[in-house]
Amino acid sequence: MAAFVIKSLVSQITAKHSPSDHTSSRIEIKSALISVKRRCGSKIPVLAASIHSENDQSIEAQKKKNGPLSSSHLSNSVSNGSRLRVAYQGVRGAYSESAAQKAYPNCEAVPCEQFDTAFESVERWLVDRAVLPIENSLGGSIHRNYDLLLRHRLHIVGEVKYAVRHCLLANHGVKVEDLKRVLSHPQALAQCENTLTKLGLVREAVDDTAGAAKHVALQKLEDTGAVASSAAASIYGLNILAEDIQDDSDNVTRFLILAREPIIPGTDRPFKTSIVFSLEEGPGVLFKALAVFALRQINLTKIESRPLRKQPLRASDDGNSGLPKYFDYLFYVDFEASMADENAQNALRHLKEFATFLRVLGSYPVHTSMV
């Protein structure tokens with residue numbers, strides 16, 4: 001019985017208020033882990049055997065083009081389990097690829113053009129996991145991925161923290177004084193602002209750091225450099241003109257590991273749980289929501305708010321012609337506790353008493369290494 005409770009709580013939890021009684025709520029608990037097993041049963045291996053060959057050919061063909069996976073390459077397929085396939089956003093040499101390899105050292109890292117594509121590739125069984133950035137110690141939250149966490153039905157099964165070390169790259173034979181401009185992702189350019197200003201380089205933003213390195217190499221540019229990783233320099237045959245050019249040495253990106261099914265949380269090591277919820281408007285409602293954790297000595301490590309897309313504006317109820325007055329929000333919260341912990345389960349039961357929506361995104365081991 002205890003196992004069923006844990007599996008249910010790690011899956012979607014939706015709170016719906018009864019129209020006739022606003023003091024109580026009807027709770028729907030849908031166990032994604034259980035439903036997937038019942039729905040798919042023993043048919044998954046047969047499906048894998050019938051479509052895996054075609055899927056392998058698609059991925060291998062894309063690799064030969066040395067380009068990232070796009071939505072047009074997605075198909076319903078599964079990995080044969082011989083080697084874990086892990087999706088990341090960007091091209092080869094991206095920091096996300098390094099994070100994927102840090103999370104799964106022997107994995108087959110699969111590049112994707114967009115964050116959306118990485119989510120979809122896991123959902124459609126093209127890959128086994130996705131490793132995607134959620135926040136950076138200097139640049140803050142990656143809001144796009146917060147929105148996608150709610151839109152898709154994936155579960156957070158882990159996290160990985162990766163120390164970002166930017167390098168100034170250029171083609172061989174090109175010196176620093178030859179450079180007039182530099183290409184990179186906007187955040188990378190901002191993180192190296194002091195260095196690039198001293199060098200007098202014009203900054204041009206592109207989609208990702210490794211893509212900048214690839215462009216400089218393929219176009220054989222002699223007056224343009226790129227801010228990217230040392231791995232990108234090796235892959236695209238560029239020379240490293242300067243290392244560690246970021247303004248702040250404490251530049252760490254936190255990545256989430258996403259899978260189709262949740263893991264069963266334990267209590268044998270530190271765990272973190274991520275949830276998202278919405279609230280009715282009223283004095284002190286958010287305070288009450290956060291108090292359910294404080295009352296049980298549960299530490300919150302992150303809170304992020306995002307506008308509620310389907311109802312972004314709430315009408316005023318003060319008689320001001322019913323005009324929109326303020327935004328409705330979803331609140332994403334990370335807290336240091338496992339869903340196997342009764343304390344955490346009680347906190348969420350308490351929160352469901354006044355939350356209009358509540359979903360557990362995942363309960364997973366805390367990652368502490370910064371290497």
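Select alanine 213 to start: at a relative accessible area of 0%, alanine 213 is buried. Buried means under 20% relative accessible area, exposed over 50%, and partly exposed in between, with a 1.4 Å probe and protein chains only. This is a predicted model: local features need pLDDT of at least 70, side-chain atom pairs count only at pLDDT 80 or more, and totals for chains, interfaces and linings use all residues. Residues are numbered from 1 along each chain as its sequence is written, and side-chain values use heavy atoms, with hydrogens and water left out.

**Stop 1: alanine 213**

Show helix 9, residues 209-218; alanine 213 sits there. Helices (H or I, at least four residues) and strands (E, at least two) are DSSP runs, numbered from the N terminus. Contact here means heavy atoms within 4.5 Å. Select leucine 183 as well: its C-alpha is 7.9 Å from that of alanine 213, though the two are 30 residues apart in sequence.

**Stop 2: serine 184**

Move to strand 9, residues 181-184, which holds serine 184. Serine 184 is buried, at a relative accessible area of 0%. Look for the backbone oxygen of valine 227: a polar atom of the serine 184 side chain lies 2.7 Å from that oxygen. Then show Leu189, Glu204, Ala205, Val206, Thr209, Ala212 and Val227, which serine 184 contacts once neighbours within four places in sequence are set aside.

**Stop 3: arginine 85**

Go to strand 3, residues 85-89, and pick arginine 85. Is arginine 85 buried or exposed? Arginine 85 counts as buried, because its relative accessibility is 6%. Next, select glutamate 108: a polar contact of 3.3 Å joins its side chain to that of arginine 85. A polar contact is a pair of N or O atoms within 3.5 Å; within protein, one must be able to donate a hydrogen and the other to accept it, and residues adjacent in sequence count only if both atoms are side-chain atoms.

**Stop 4: helix 11 and helix 12**

Select helix 11 (residues 285-294) and helix 12 (residues 342-352). They pack at an angle of about 165°, with axes 9 Å apart. Helix 11 is therefore roughly antiparallel to helix 12. Angles over 145 degrees count as roughly antiparallel, under 35 as roughly parallel, 65 to 115 as roughly perpendicular, and the rest as oblique. Show the side chains at the contact: Ala289, Val292 and Phe293 from helix 11, with Ala347, Leu348, His350 and Leu351 from helix 12. These residues divide into six nonpolar, one polar and no charged.

How values were computed: Axes fitted to C-alpha atoms, helices over the stretch in contact; angles between N-to-C directions. Nonpolar A, V, L, I, M, F, W, Y, C, P; charged D, E, K, R; others polar.
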